[in-house]
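Please read these notes with the model open beside them.

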Amino acid sequence: MRRISVKAMFLLVETGAAVSMLVLTFILSAMTGQGRVLLAGVLLTVCALAWLFLLTVFFARRLSRFTSDLCQTMDNMISGGEAPERAADQDTIFARISHWLSQLYRIMQENRRKVDEERQELQMLVSDISHQVKTPVSNLKMVTDTLLARSVTEQERRDFLQGVRSQTDKLEFLFQALVKTSRLETGAIRLEKKDGLLIDTLAQAMSGIVYGAEKKGIAVSVQCPEDLRVSHDSKWTAEALFNLLDNAVKYTPAGGQISVSVEQWEMYVKLDVADTGKGIPESSQAAIFRRFYREEEVHNQPGVGIGLYLAREIITQQGGYMKVTSELGRGSTFSVFLPRR
(Lines give C-alpha, C1' and ligand atoms only; values in the text may rest on other atoms or scores of the structure.)
Protein backbone atom coordinates (compact mmCIF):
# COMPACT_ATOMS: atom_id res chain seq x y z
CA MET A 1 0.00 0.00 0.00
CA ARG A 2 1.37 3.40 -1.00
CA ARG A 3 2.13 5.73 1.91
CA ILE A 4 1.16 9.41 1.80
CA SER A 5 2.64 12.32 3.72
CA VAL A 6 0.89 14.04 6.62
CA LYS A 7 0.42 17.19 4.54
CA ALA A 8 -1.15 15.27 1.66
CA MET A 9 -3.42 13.47 4.10
CA PHE A 10 -4.73 16.75 5.53
CA LEU A 11 -5.30 18.17 2.03
CA LEU A 12 -7.18 15.01 1.09
CA VAL A 13 -9.35 15.27 4.23
CA GLU A 14 -10.10 18.97 3.58
CA THR A 15 -10.97 18.31 -0.05
CA GLY A 16 -13.20 15.38 0.87
CA ALA A 17 -14.96 17.43 3.56
CA ALA A 18 -15.53 20.35 1.16
CA VAL A 19 -16.84 18.15 -1.65
CA SER A 20 -19.12 16.25 0.74
CA MET A 21 -20.59 19.46 2.23
CA LEU A 22 -21.10 21.02 -1.20
CA VAL A 23 -22.82 17.90 -2.55
CA LEU A 24 -25.13 17.76 0.46
CA THR A 25 -25.84 21.49 0.06
CA PHE A 26 -26.79 21.08 -3.61
CA ILE A 27 -28.97 18.07 -2.81
CA LEU A 28 -30.83 19.95 -0.08
CA SER A 29 -31.16 23.01 -2.30
CA ALA A 30 -32.57 20.93 -5.12
CA MET A 31 -35.02 19.19 -2.82
CA THR A 32 -36.28 22.39 -1.17
CA GLY A 33 -35.83 24.73 -4.11
CA GLN A 34 -34.51 27.47 -1.86
CA GLY A 35 -31.44 29.50 -2.83
CA ARG A 36 -30.82 30.47 0.76
CA VAL A 37 -30.02 26.86 1.61
CA LEU A 38 -27.38 26.87 -1.11
CA LEU A 39 -25.88 30.11 0.15
CA ALA A 40 -25.87 28.89 3.75
CA GLY A 41 -24.26 25.61 2.69
CA VAL A 42 -21.52 27.43 0.81
CA LEU A 43 -20.84 29.70 3.79
CA LEU A 44 -20.71 26.72 6.15
CA THR A 45 -18.33 24.94 3.79
CA VAL A 46 -16.04 27.97 3.63
CA CYS A 47 -16.14 28.34 7.41
CA ALA A 48 -15.37 24.66 7.95
CA LEU A 49 -12.52 24.79 5.47
CA ALA A 50 -11.09 27.83 7.24
CA TRP A 51 -11.12 26.06 10.60
CA LEU A 52 -9.68 22.91 9.07
CA PHE A 53 -6.93 25.02 7.51
CA LEU A 54 -6.13 26.65 10.86
CA LEU A 55 -6.15 23.25 12.54
CA THR A 56 -3.82 21.92 9.85
CA VAL A 57 -1.41 24.84 10.26
CA PHE A 58 -1.44 24.52 14.07
CA PHE A 59 -0.89 20.77 13.99
CA ALA A 60 1.78 21.06 11.29
CA ARG A 61 3.72 23.62 13.32
CA ARG A 62 3.48 21.59 16.48
CA LEU A 63 4.44 18.42 14.62
CA SER A 64 7.38 20.22 13.02
CA ARG A 65 8.53 21.55 16.40
CA PHE A 66 8.15 18.12 17.99
CA THR A 67 10.03 16.48 15.12
CA SER A 68 12.84 18.99 15.46
CA ASP A 69 13.03 18.46 19.23
CA LEU A 70 12.89 14.71 18.71
CA CYS A 71 15.82 14.81 16.28
CA GLN A 72 17.81 16.99 18.68
CA THR A 73 17.00 14.63 21.54
CA MET A 74 18.03 11.58 19.53
CA ASP A 75 21.31 13.29 18.58
CA ASN A 76 22.00 14.02 22.26
CA MET A 77 21.15 10.45 23.23
CA ILE A 78 23.46 8.99 20.59
CA SER A 79 26.31 11.30 21.58
CA GLY A 80 25.73 10.74 25.31
CA GLY A 81 24.66 14.33 25.96
CA GLU A 82 21.98 15.67 28.27
CA ALA A 83 18.94 13.63 29.18
CA PRO A 84 15.71 14.44 27.30
CA GLU A 85 13.35 16.84 29.03
CA ARG A 86 10.07 15.56 30.37
CA ALA A 87 6.97 17.13 28.83
CA ALA A 88 4.81 19.22 31.16
CA ASP A 89 1.47 17.92 29.80
CA GLN A 90 1.38 14.28 30.88
CA ASP A 91 -1.81 13.24 29.07
CA THR A 92 -0.74 13.75 25.45
CA ILE A 93 0.95 11.44 22.99
CA PHE A 94 3.93 13.81 22.96
CA ALA A 95 4.32 13.44 26.73
CA ARG A 96 4.21 9.66 26.45
CA ILE A 97 6.83 9.67 23.70
CA SER A 98 8.98 11.96 25.84
CA HIS A 99 8.60 9.54 28.75
CA TRP A 100 9.61 6.58 26.59
CA LEU A 101 12.64 8.53 25.34
CA SER A 102 13.66 9.27 28.93
CA GLN A 103 13.42 5.59 29.77
CA LEU A 104 15.41 4.68 26.66
CA TYR A 105 18.04 7.29 27.54
CA ARG A 106 18.51 5.82 31.02
CA ILE A 107 18.87 2.33 29.55
CA MET A 108 21.41 3.57 27.00
CA GLN A 109 23.40 5.38 29.69
CA GLU A 110 23.43 2.27 31.88
CA ASN A 111 24.52 0.10 28.95
CA ARG A 112 27.21 2.63 28.07
CA ARG A 113 28.45 2.59 31.66
CA LYS A 114 28.56 -1.21 31.69
CA VAL A 115 30.44 -1.26 28.38
CA ASP A 116 33.00 1.19 29.77
CA GLU A 117 33.43 -0.91 32.91
CA GLU A 118 33.82 -4.09 30.87
CA ARG A 119 36.34 -2.37 28.57
CA GLN A 120 38.40 -1.22 31.56
CA GLU A 121 38.18 -4.65 33.15
CA LEU A 122 39.28 -6.27 29.88
CA GLN A 123 42.22 -3.87 29.61
CA MET A 124 43.27 -4.67 33.17
CA LEU A 125 42.85 -8.40 32.53
CA VAL A 126 44.99 -8.28 29.38
CA SER A 127 47.61 -6.27 31.25
CA ASP A 128 47.60 -8.73 34.16
CA ILE A 129 47.86 -11.76 31.90
CA SER A 130 50.67 -10.13 29.95
CA HIS A 131 52.51 -9.45 33.19
CA GLN A 132 52.02 -13.02 34.41
CA VAL A 133 53.14 -14.57 31.11
CA LYS A 134 56.07 -12.24 30.53
CA THR A 135 58.35 -13.63 33.27
CA PRO A 136 58.11 -17.37 32.46
CA VAL A 137 58.37 -16.70 28.73
CA SER A 138 61.48 -14.58 29.30
CA ASN A 139 62.99 -17.33 31.46
CA LEU A 140 62.27 -19.96 28.80
CA LYS A 141 63.89 -17.83 26.10
CA MET A 142 66.95 -17.26 28.29
CA VAL A 143 67.37 -21.00 28.97
CA THR A 144 66.95 -22.01 25.33
CA ASP A 145 69.35 -19.29 24.17
CA THR A 146 71.92 -20.53 26.69
CA LEU A 147 71.54 -24.14 25.57
CA LEU A 148 71.88 -23.14 21.91
CA ALA A 149 74.80 -20.77 22.45
CA ARG A 150 77.24 -22.94 24.39
CA SER A 151 78.01 -26.45 25.50
CA VAL A 152 76.90 -27.39 29.01
CA THR A 153 77.64 -30.23 31.35
CA GLU A 154 75.13 -32.96 32.02
CA GLN A 155 74.31 -31.48 35.43
CA GLU A 156 73.81 -28.00 33.94
CA ARG A 157 71.59 -29.46 31.25
CA ARG A 158 69.43 -31.17 33.87
CA ASP A 159 69.22 -27.96 35.89
CA PHE A 160 68.19 -26.00 32.81
CA LEU A 161 65.58 -28.60 31.88
CA GLN A 162 64.23 -28.51 35.43
CA GLY A 163 63.91 -24.75 35.11
CA VAL A 164 62.07 -25.14 31.80
CA ARG A 165 59.72 -27.65 33.42
CA SER A 166 59.05 -25.27 36.31
CA GLN A 167 58.18 -22.37 33.97
CA THR A 168 55.97 -24.51 31.74
CA ASP A 169 54.14 -25.79 34.84
CA LYS A 170 53.53 -22.19 35.85
CA LEU A 171 52.16 -21.33 32.41
CA GLU A 172 49.96 -24.43 32.39
CA PHE A 173 48.56 -23.58 35.83
CA LEU A 174 47.87 -20.02 34.71
CA PHE A 175 46.01 -21.12 31.58
CA GLN A 176 43.98 -23.72 33.46
CA ALA A 177 43.03 -21.18 36.13
CA LEU A 178 42.03 -18.63 33.48
CA VAL A 179 39.90 -21.20 31.64
CA LYS A 180 38.15 -22.25 34.86
CA THR A 181 37.52 -18.64 35.89
CA SER A 182 36.25 -17.66 32.45
CA ARG A 183 33.88 -20.63 32.25
CA LEU A 184 32.47 -19.84 35.69
CA GLU A 185 32.05 -16.12 35.02
CA THR A 186 30.39 -16.59 31.63
CA GLY A 187 28.03 -19.30 32.87
CA ALA A 188 29.55 -21.97 30.61
CA ILE A 189 29.76 -24.08 33.77
CA ARG A 190 26.85 -24.14 36.17
CA LEU A 191 27.46 -25.42 39.67
CA GLU A 192 25.11 -28.24 40.60
CA LYS A 193 24.43 -28.42 44.31
CA LYS A 194 23.68 -31.87 45.66
CA ASP A 195 23.33 -33.18 49.18
CA GLY A 196 26.60 -34.89 50.11
CA LEU A 197 29.12 -35.56 52.86
CA LEU A 198 31.40 -32.59 53.44
CA ILE A 199 34.20 -34.87 54.70
CA ASP A 200 34.44 -36.48 51.24
CA THR A 201 34.80 -33.10 49.55
CA LEU A 202 37.40 -32.03 52.10
CA ALA A 203 39.36 -35.27 51.62
CA GLN A 204 39.38 -34.69 47.87
CA ALA A 205 40.80 -31.19 48.38
CA MET A 206 43.43 -32.32 50.90
CA SER A 207 44.73 -35.08 48.65
CA GLY A 208 46.36 -32.41 46.49
CA ILE A 209 48.47 -30.88 49.30
CA VAL A 210 49.67 -33.99 51.17
CA TYR A 211 52.99 -34.21 49.33
CA GLY A 212 53.75 -30.49 49.67
CA ALA A 213 52.91 -30.47 53.37
CA GLU A 214 55.06 -33.53 54.08
CA LYS A 215 57.96 -32.08 52.11
CA LYS A 216 57.97 -28.97 54.32
CA GLY A 217 57.27 -30.90 57.52
CA ILE A 218 53.91 -29.11 58.06
CA ALA A 219 51.47 -30.81 60.41
CA VAL A 220 47.91 -30.88 59.09
CA SER A 221 44.94 -31.55 61.38
CA VAL A 222 41.27 -31.92 60.42
CA GLN A 223 38.17 -31.70 62.60
CA CYS A 224 35.02 -32.43 60.60
CA PRO A 225 31.99 -34.56 61.54
CA GLU A 226 31.97 -37.63 59.29
CA ASP A 227 28.17 -37.60 58.95
CA LEU A 228 27.81 -33.89 58.16
CA ARG A 229 25.85 -33.47 54.92
CA VAL A 230 25.73 -30.18 53.03
CA SER A 231 24.06 -29.17 49.77
CA HIS A 232 27.01 -28.24 47.56
CA ASP A 233 28.84 -28.93 44.32
CA SER A 234 31.46 -31.39 45.52
CA LYS A 235 33.87 -31.06 42.59
CA TRP A 236 34.05 -27.26 42.50
CA THR A 237 33.92 -26.86 46.28
CA ALA A 238 36.92 -29.21 46.50
CA GLU A 239 38.65 -26.93 43.95
CA ALA A 240 38.01 -23.89 46.15
CA LEU A 241 39.17 -25.63 49.34
CA PHE A 242 42.28 -26.93 47.57
CA ASN A 243 43.21 -23.36 46.60
CA LEU A 244 42.95 -22.29 50.25
CA LEU A 245 44.97 -25.28 51.47
CA ASP A 246 47.55 -24.86 48.73
CA ASN A 247 48.09 -21.22 49.72
CA ALA A 248 48.43 -22.29 53.36
CA VAL A 249 51.17 -24.77 52.41
CA LYS A 250 52.97 -22.18 50.25
CA TYR A 251 53.08 -19.45 52.88
CA THR A 252 53.57 -21.54 56.01
CA PRO A 253 57.24 -22.04 56.90
CA ALA A 254 58.75 -25.51 57.35
CA GLY A 255 57.64 -27.14 60.56
CA GLY A 256 54.47 -25.07 60.78
CA GLN A 257 50.86 -26.16 61.26
CA ILE A 258 47.65 -26.09 59.24
CA SER A 259 44.34 -26.87 60.89
CA VAL A 260 40.96 -27.40 59.26
CA SER A 261 37.86 -27.19 61.42
CA VAL A 262 34.12 -27.27 60.71
CA GLU A 263 31.30 -25.70 62.71
CA GLN A 264 27.58 -26.22 62.18
CA TRP A 265 25.51 -23.06 62.34
CA GLU A 266 21.76 -22.70 61.95
CA MET A 267 21.87 -21.46 58.34
CA TYR A 268 25.48 -22.11 57.32
CA VAL A 269 28.33 -24.54 57.74
CA LYS A 270 31.54 -22.70 58.61
CA LEU A 271 34.83 -24.24 57.47
CA ASP A 272 38.08 -22.63 58.69
CA VAL A 273 41.51 -23.14 57.14
CA ALA A 274 44.06 -21.77 59.62
CA ASP A 275 47.85 -21.67 59.22
CA THR A 276 50.88 -20.44 61.15
CA GLY A 277 52.34 -18.52 58.22
CA LYS A 278 53.59 -14.95 57.94
CA GLY A 279 50.12 -13.43 58.04
CA ILE A 280 48.53 -10.78 55.85
CA PRO A 281 48.70 -7.02 56.58
CA GLU A 282 45.32 -5.50 57.38
CA SER A 283 45.75 -3.03 54.51
CA SER A 284 45.98 -5.93 52.03
CA GLN A 285 43.21 -8.16 53.34
CA ALA A 286 40.54 -6.56 51.16
CA ALA A 287 42.70 -6.87 48.03
CA ILE A 288 43.84 -10.49 48.24
CA PHE A 289 40.66 -11.76 46.56
CA ARG A 290 41.31 -9.67 43.46
CA ARG A 291 42.39 -11.47 40.32
CA PHE A 292 46.21 -11.67 39.96
CA TYR A 293 46.83 -9.79 43.20
CA ARG A 294 50.06 -10.75 44.96
CA GLU A 295 51.94 -8.96 47.70
CA GLU A 296 55.45 -7.77 46.98
CA GLU A 297 56.86 -9.96 49.76
CA VAL A 298 55.65 -13.23 48.18
CA HIS A 299 56.67 -12.72 44.55
CA ASN A 300 59.43 -15.30 45.02
CA GLN A 301 56.80 -17.92 45.93
CA PRO A 302 55.17 -20.03 43.17
CA GLY A 303 51.72 -18.94 42.08
CA VAL A 304 49.94 -16.37 39.91
CA GLY A 305 47.50 -14.80 42.37
CA ILE A 306 44.27 -16.25 41.00
CA GLY A 307 43.51 -19.04 43.49
CA LEU A 308 41.69 -16.91 46.07
CA TYR A 309 39.70 -15.13 43.37
CA LEU A 310 38.60 -18.46 41.91
CA ALA A 311 37.79 -19.87 45.36
CA ARG A 312 35.56 -16.94 46.26
CA GLU A 313 33.82 -17.12 42.87
CA ILE A 314 33.00 -20.80 43.45
CA ILE A 315 31.69 -20.26 46.97
CA THR A 316 29.69 -17.15 46.00
CA GLN A 317 27.94 -18.96 43.15
CA GLN A 318 26.68 -21.50 45.68
CA GLY A 319 25.13 -18.79 47.85
CA GLY A 320 27.98 -18.72 50.35
CA TYR A 321 30.70 -16.24 51.20
CA MET A 322 34.29 -16.04 52.44
CA LYS A 323 36.25 -13.89 54.85
CA VAL A 324 39.77 -13.75 56.23
CA THR A 325 41.22 -12.87 59.61
CA SER A 326 44.97 -12.48 59.91
CA GLU A 327 47.73 -10.99 62.01
CA LEU A 328 51.30 -10.43 60.93
CA GLY A 329 53.61 -13.08 62.29
CA ARG A 330 50.75 -15.18 63.67
CA GLY A 331 49.18 -16.71 60.58
CA SER A 332 45.86 -16.42 58.77
CA THR A 333 42.43 -18.03 58.92
CA PHE A 334 40.25 -18.26 55.83
CA SER A 335 36.60 -18.95 56.65
CA VAL A 336 34.20 -20.48 54.13
CA PHE A 337 30.46 -20.22 54.81
CA LEU A 338 28.29 -22.68 52.85
CA PRO A 339 24.48 -22.69 53.07
CA ARG A 340 23.24 -25.91 54.61
CA ARG A 341 20.46 -26.11 52.02
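1. Thr201 sits in helix H5, residues 198-206. Helices (H or I, at least four residues) and strands (E, at least two) are DSSP runs, numbered from the N terminus. The model is a predicted one, in which local features need pLDDT of at least 70 and side-chain atom pairs count only at pLDDT 80 or more, while totals for chains, interfaces and linings use all residues. Residues are numbered from 1 along each chain as its sequence is written, and side-chain values use heavy atoms, with hydrogens and water left out.

2. Thr201 counts as buried because its relative accessibility is 0%. Buried means under 20% relative accessible area, exposed over 50%, and partly exposed in between (1.4 Å probe, protein chains only).

3. The side chain of Thr201 has a polar contact with the side chain of His232 at 2.7 Å, and another with the side chain of Ser234 at 3.0 Å. A polar contact is a pair of N or O atoms within 3.5 Å; within protein, one must be able to donate a hydrogen and the other to accept it, and residues adjacent in sequence count only if both atoms are side-chain atoms. Leaving out residues up to four places away in sequence, Thr201 touches His232, Ser234, Thr237, Ala238 and Leu241; contact means heavy atoms within 4.5 Å.

4. His232 belongs to strand E3, residues 229-232. His232 also counts as buried, because its relative accessibility is 3%. Beyond its neighbours within four places in sequence, His232 has contacts that include Glu192, Gly196, Leu198, Thr237 and Gln318.

5. Of the 18 residues in H7, 14 are buried. Asp233 caps the N-terminal end of H7, with a side-chain oxygen 3.3 Å from the backbone nitrogen of Lys235.

6. Which residues touch the most other members of the largest nonpolar core? They are Leu198, Leu244, Leu245, Leu271, Phe334 and Val336, in a core of 38 residues. H7 gives the most to this core, with eight residues. A nonpolar core is a set of buried Ala, Val, Leu, Ile, Met, Phe, Trp, Tyr and Cys residues joined through side-chain atoms within 4.5 Å.

7. Not counting residues up to four places away in sequence, Phe334 touches Leu244, Leu271, Ile280 and Leu308, among others.
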